[in-house]
Amino acid sequence: MSEPMVDPNAMPEPGRDAWMAVGVTTLVFFLVVIDVAAVNVAFPSIRDDFEVSDATLGWVISGYNITVASLLMVAGRYADSLGRKRLFLPGVAIFMLGSMLSGLAPSAGLLIAARVVQGVGGAIISPTAIAVVLPAFPAHKRSTVIGITGATGALGAVAGPALGAFITDAWSWRGIFLINVPLCLIVLAIAPKLLTESKDPAATGRVDLLGVPLGTAGVAAVMFAIVRSESAGLTDPTTVALFIVGIALIAALVRRSAHQDEPLIELDLFRHRSFSSTNLGLAFYSMAFTSGFLVNSLLLQELWGQSLVTTGAALMLSPLIAAAVSPFAGRWADRVGHRWILTVGSLCCAAGYLGYRLVLTGEPAVWNRFVPMSVLVGIGVGATIATWASAGLADVEPAKFGTSNAMIRTTQQVFYALGISVAIAIISRGAGDTVVANYHLAWWFVSGCYAVSALVVAMTFPSGSSRSRVA
């Protein structure tokens, strides 16, 4: 039985405890984001300590990403069935344990294993951190809440490399992980008093026991194929086989989900135009988002030969602007709807990367060309990065928040990885060739993905706000 529609105007305005709960869950999200960004800076120190190759060390990132992506749907389904608070708190504990084990790891192999443990915690936190607080807010306030989360993520992206470099220099790369432990302990101490339990009232607590391994293995195989393609190439037989197996398992899961009472994938969610439009548009947006920042980082360091300090400073403006814009974008989405905010924001990103293509050459032009063009990208990212999540949840009943958010995050993670794989393939054309033509082609790819994302949402997303659609 579906949950009855609730008029958002009938819900009381959220009180102080509700906003404090948002602060607690946002802190955990900040830790997850900042940790991923900081690890990249610590790579040389980790490599020197363990004396391993870059390929082996790459699994410190890949092991975490594959684990998160493959478990998101399972975590979201169990959150809705068993309770968001009931899963969120153990998720924080597991993330804390993985962080502690990572900081104490005596070898590269054990560090990778610890990062997998951390990924399990991250997979639980990602769909529940928002889902556990949103039911306390009326529909017309939810985009604002998610906008705050988006601003926090942008700040984490800015602070991550700088904080990682500072901690590594002053202490050790291990400090990047160990600093999470006391902060997670604080969250675990205060969160139980602030968070209220919520779940799908129609759920029985049973989950499709065959669907869980199908979905987990399917997404893991696709992610593993994408990660493998970065070193072995897109046409490598093992890569192709993994991709085919993954798609086949996901297809079997979709078919099975159509006939289950509590499936891993809620196919009914795609009946909401806002949800299906968000997932399709977000797929192209995610490919552009990660690959764009990677290409720009490689441009500054590899092609232009800039120092790590200069690179960090040049890349900082865009996320700072995004952090400032994101909360306002959430409020505008609450009032006027998501359609044109996402469209205009994605077009700003597309125009920014098209500008890089048109004005940048092989000669360094960091402050007079690159940084000014980053302003446009920052505005676009600020308007969209958190608005995608609130758009996907705009018309979803609160009982399905965990499952729907997990499906959106899965789309995001898979296409993040795919975008990076394509960008690496473009930049490394010609066996390590780094001529500016490769960067031009990469910017065309990024700009095109952003433009397609804007076109998808403009043509398919419903008009008006969620408040007006409920009315």
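In which crossing, left-handed or right-handed, does H4 pass H8? H4 passes H8 in a left-handed crossing. The term means that the near helix is turned anticlockwise from the far one by less than a right angle; clockwise would be right-handed. Helices here are DSSP runs of H or I with at least four residues, numbered from the N terminus.

This is a predicted model, in which local features need pLDDT of at least 70 and side-chain atom pairs count only at pLDDT 80 or more, while totals for chains, interfaces and linings use all residues. Residues are numbered from 1 along each chain as its sequence is written, and side-chain values use heavy atoms, with hydrogens and water left out.

Start with that helix pair. Two packed helices are described by the angle between their axes and the distance between the axes. Helix H4 covers residues 84-104, and helix H8 covers residues 180-194. Their axes come within 9 Å and cross at roughly 165 degrees. That makes H4 roughly antiparallel to H8. Axes are lines fitted to C-alpha atoms, for helices over the stretch in contact, and angles run from 0 to 180 degrees between N-to-C directions. Angles over 145 degrees count as roughly antiparallel, under 35 as roughly parallel, 65 to 115 as roughly perpendicular, and the rest as oblique.

Now look at the residues between them. H4 brings Lys85, Leu89, Val92, Ala93, Phe95, Met96, Ser99 and Met100. H8 answers with Asn180, Val181, Cys184, Leu185, Val187, Leu188, Ala191 and Pro192. Contact means heavy atoms within 4.5 Å. The residues of this contact of H4 with H8 divide into 13 nonpolar, two polar and one charged. Ala, Val, Leu, Ile, Met, Phe, Trp, Tyr, Cys and Pro count as nonpolar; Asp, Glu, Lys and Arg count as charged; the others, Gly among them, count as polar.

Next, turn to helix H11, residues 273-303. Its axis and that of helix H14 (residues 366-384) come within 13 Å and cross at roughly 160 degrees. H11 and H14 are therefore roughly antiparallel to each other. Their crossing is left-handed. Tyr285, Phe289, Asn296, Leu299 and Leu300 in H11 meet Val366, Phe370, Val381 and Thr384 in H14. The residues of this contact of H11 with H14 are seven nonpolar, two polar and no charged.

H11 also meets H13. The axes of H11 and H13 come within 12 Å and cross at roughly 35 degrees. H11 passes H13 in a left-handed crossing. On H11, the contact is made by Tyr285, Gly292, Phe293 and Asn296. On H13, it is made by Ser346, Tyr353 and Tyr356. By class, the contact of H11 with H13 has four nonpolar, three polar and no charged residues.

Stay in helix H13, residues 339-359, to find glycine 355. At 10% relative accessibility, glycine 355 counts as buried. Buried means under 20% relative accessible area, exposed means over 50%, and partly exposed lies in between, with a 1.4 Å probe and protein chains only. Leaving aside neighbours within four places in sequence, glycine 355 is in contact with Leu360 and Met373.

Charged side chains come next. How many salt bridges does the count come to? The count is five. A salt bridge is a side-chain nitrogen of Lys or Arg within 4 Å of a carboxyl oxygen of Asp or Glu. One of them joins glutamate 266 and arginine 77, at 2.4 Å from N to O. This pair links distant parts of the chain, 189 residues apart. Glutamate 266 is in the loop between helix H10 (237-257) and H11, and arginine 77 is in helix H3 (residues 59-82). Glutamate 266 is buried, at 8% relative accessible area. Arginine 77 is buried too, at 1%.

Glutamate 266 also forms a salt bridge with lysine 400, the closest N and O atoms being 3.2 Å apart. Lysine 400 lies in the loop between helix H15 (387-393) and helix H16 (401-427), so the pair ties together parts that are 134 residues apart in sequence. At 14% relative accessibility, lysine 400 counts as buried. Salt bridges that share partners join Arg77, Glu266 and Lys400 into one network. Another salt bridge pairs arginine 84 with aspartate 80, at 2.8 Å from N to O. Both of these residues are buried.

Finish in helix H10, with serine 257. Serine 257 is buried, with a relative accessible area of 5%. Leaving aside neighbours within four places in sequence, serine 257 is in contact with Pro263, Leu264, Ile265 and Leu267.

Conventions:
Helices (H or I, at least four residues) and strands (E, at least two) are DSSP runs, numbered from the N terminus.
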